[in-house]
Amino acid sequence: MFGLFAKKEINEAAAKAFWEWFSQKEEWIISNIKTHGMDVVWAIDAQIKPVFPYCKRELEFQLGFNDGKGEFFFFHFGDRNLKRDAAILGDMMPANIAARWSFIAEK
């Protein structure tokens, strides 16, 4: 059922696919961050939207990579569903990515 009764929860298959994609594209992501390329923003946006199928507004995130460590900030703006599901997405980050990246969900 859709509308007011649609479930507001993470799409775990899309979250797993997001991290697989991120892992495959990590070098490209890092090089785009360093050159301030916007292509990476649009690419990540396209990959992360299906993770939060109930969210109709734009998702906001920011990435940084310095001294071999990356930070992926995801902004939930106090939305309890986004906050909960961002925490799940962060917990799903594979160990090989978590060795170099921090996933930070914040308001």
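I started with helix α1 (residues 12-34), which bends by about 70° at Lys25. For the bend I took the angle between axes fitted to the seven residues ending at a residue and the seven starting there. Helices (H or I, at least four residues) and strands (E, at least two) are DSSP runs, numbered from the N terminus.

A note on what I'm looking at: this is a predicted model, where local features need pLDDT of at least 70, side-chain atom pairs count only at pLDDT 80 or more, and totals for chains, interfaces and linings use all residues. Residues are numbered from 1 along each chain as its sequence is written, and side-chain values use heavy atoms, with hydrogens and water left out.

Next, the ends of α1. Asn11 caps the N-terminal end, with a side-chain oxygen 3.2 Å from the backbone nitrogen of Ala13; a polar contact is a pair of N or O atoms within 3.5 Å, and within protein one must be able to donate a hydrogen and the other to accept it, while residues adjacent in sequence count only if both atoms are side-chain atoms. After α1 comes His36, with a positive phi near 60°.

Then burial (buried is under 20% relative accessible area, exposed over 50%, partly exposed in between, with a 1.4 Å probe and protein chains only). The buried residues of α1 include Phe18, Trp19, Trp21 and Phe22. Their cover includes α2, β1, β2, α3 (80-91), α4 (95-98) and β3.

Those aromatics sent me to the ring pairs. I count 15 aromatic pairs in the structure. Rings of Phe, Tyr and Trp (its six-membered ring) pair if their centres lie within 6.5 Å; planes under 30 degrees apart count as stacked, over 60 as edge-to-face and the rest as tilted.

I looked up Phe52 and Phe74: ring centres 5.0 Å apart and planes at 25°, so they are stacked. Phe52 sits in the loop between α2 (39-48) and β1 (60-66) and Phe74 in strand β2 (residues 69-75), so the pair ties together parts 22 residues apart in sequence. Phe52 is buried at 1%, and Phe74 is buried at 0%.

Phe65 and Trp101 have ring centres 5.2 Å apart and planes at 50°, so this pair is tilted.

Last stop: Phe72, in strand β2 and buried at 0% relative accessibility. Leaving out residues up to four places away in sequence, Phe72 touches residues including Phe18, Phe22, Ile44, Phe61 and Trp101 (contact means heavy atoms within 4.5 Å).
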